[in-house]
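This report reads one structure from the overall build of a chain to the details of its contacts. The sequence and the model are shown first.

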Amino acid sequence: MSLDKPYKDVPGTTIFDADMSRLGYHLNQFCMSLMKAENRARFKANERAYLDEWPMSEEQKQAVLARDLNRCIALGGNIYFLAKIGATDGKSFQQMAGSMTGMTEEQYRDMMVSGGRSIEGNRYIGEKK
Amino acid sequence: MARISASVYTSHVPAVGAAIDLGKTAEPYWQPVFKGYEFSKQWLKDHKPDVIFLVYNDHANAFSLEMIPTFAIGTAAEFTPADEGWGPRPVPKVIGHPKLAAHIAQSVIQDDFDLTVVNKMDVDHGLTVPLSLMCGQPQAWPCPVIPFAVNVVQYPAPSGRRCYMLGKAIRKAIESYDEPLNVQIWGTGGMSHQLQGPRAGLINKEFDKAFLDRLIADPEGLSAMPHIDYVREAGSEGIELVMWLIARGAMSDVNGGKPPTVRHRFYHVPASNTAVGHLILENN
């Protein structure tokens, strides 16, 4: 019997469950390595060479090099792990979150100051806004 | 015997920690957030506990994907603030209470909650930001703290019901401790927020306000809320709110006592990507 995953119909959202975690294990553990200052320096000096030390898929490596966080998440990345890449780049959590929404940094910040993204129209995939 | 005198609930947004550490609390963006905690800082001075039992979640700092404990109790003598990638926060190290923590672990595990016992771990903003919000920038935190980490990073987090029942078991454990300690239990995280995907930035004020109302008046009913309601209504990271139910389950009224006094309630949007909620409930 398959597991019930009622969160699959939440729009613009990927739930980091055990299946995603399995998919993203090495990607996330690479991110974890960036908690050490010497690893951040080595990564910044040669990103590709550093990524090649990890048994990640080529797709995952390309997503990291492109800083495409949506792609990273689709490939099993978790935002709290991916945040280590942002920290290495000197980005704030708000800049990282905003980068996934198709908005500019300023638009995203303004939306948050105005009360955030509305829940209306954002509960179910295909829901009328 | 030890007793639980009060519970405190607060968001633990990392940017709040950065605002404190970088001296930005008086800036127009941050001022309304910190104003909501002015009362709380004075209240904590006037009601200084002997120990804080602090429920929080680690954000891929102490725990990577190598080990994912659902409930982890910190039994060490001290805990170092983690380097989360931006360098460690310039805050005091956290002094634990190994004796009480070990007592709670033994009692709660025998009550069917299978805790992971952690004798060495760093603590991240999930634990240190609530301390900063409630204490400001002291040279040392006002009392020992028992860190209690809950997995809300890899789905599924424990259910609200499980958290609520665990709170009751923690209360029973604390009340069976021989020394007359005044213990506060804090539940942290939330409120509505989503940090990932095209839906990032989601805030649901109606959900948050109803959650605060029900946490005060109907925690039993609130504990039955399924995960999907948190995810859909409060955002993928809003599920952190289940941790508030651990603290609430440890209060007197849901264990045969009197209703608590709502000493303070505060709500503000935004702090970075997140809605900030805060409550202080005193036992009577």
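The model is predicted. In chain A the secondary structure amounts to 9 helices and 0 strands, so that the order along the sequence reads α-α-α-α-α-α-α-α-α. The C-alpha trace of chain A extends over about 45 × 45 × 20 Å along its principal axes, and 39% of its 129 residues count as buried. When contacts in chain A between residues at least 6 apart in sequence are considered, 57% of them connect residues at least 24 apart.

Within chain A, one helix pair can be described in detail. The axes of α2(A) and α7(A) lie 8 Å apart, and the two helices pack at an angle of about 45°, which makes α2(A) oblique to α7(A). The crossing in which α2(A) passes α7(A) is left-handed. From α2(A), the residues A:Asn28, A:Cys31 and A:Met32 meet A:Phe81, A:Leu82, A:Lys84 and A:Ile85 of α7(A), and by class this contact comprises 5 nonpolar, 1 polar and 1 charged residues.

Between the chains, 45 residues of chain A are in contact with 33 residues of chain B. On the side of chain A that touches chain B, two or more residues each come from α1 (18–23), α2 (25–33), α6 (69–74), α7 (79–89), α8 (93–99) and α9 (105–113) of chain A. The most is given by α7(A), with 7 residues. By class, this side of chain A holds 25 nonpolar, 16 polar and 4 charged residues.

In chain B, strand β2 (residues 51–56) has 6 of its 6 residues buried, and it is therefore largely enclosed by the rest of the structure. In a regular strand, side chains alternate between the two faces of the sheet. In β2(B), B:Val51, B:Phe53 and B:Val55 point one way, while B:Ile52, B:Leu54 and B:Tyr56 point the other way, and all are buried. The pairings of this strand are set out below.

| Strand paired with β2(B) | Sense | Bridges |
|---|---|---|
| β8(B), residues 182–188 | parallel | 5 bridges |
| β7(B), residues 145–150 | parallel | 5 bridges |

Note on methods:
Residues numbered from 1 in each chain as written. Chains lettered and ligands numbered in written order. Predicted model: local features only at pLDDT ≥ 70, side-chain atom pairs only at ≥ 80, totals over all residues. Contact = placed C-beta atoms within 7 Å. Helix = DSSP H or I, 4+ residues; strand = E, 2+ residues; numbered from the N terminus. Nonpolar A, V, L, I, M, F, W, Y, C, P; charged D, E, K, R; others polar. Axes fitted to C-alpha atoms, helices over the stretch in contact; angles between N-to-C directions. Parallel < 35°, antiparallel > 145°, perpendicular 65-115°, else oblique. Left-handed = near helix turned anticlockwise from the far one by under 90°. Buried ≥ 20, exposed ≤ 12 C-beta atoms within 10 Å, placed from the backbone. Pairing = 2+ DSSP bridges.
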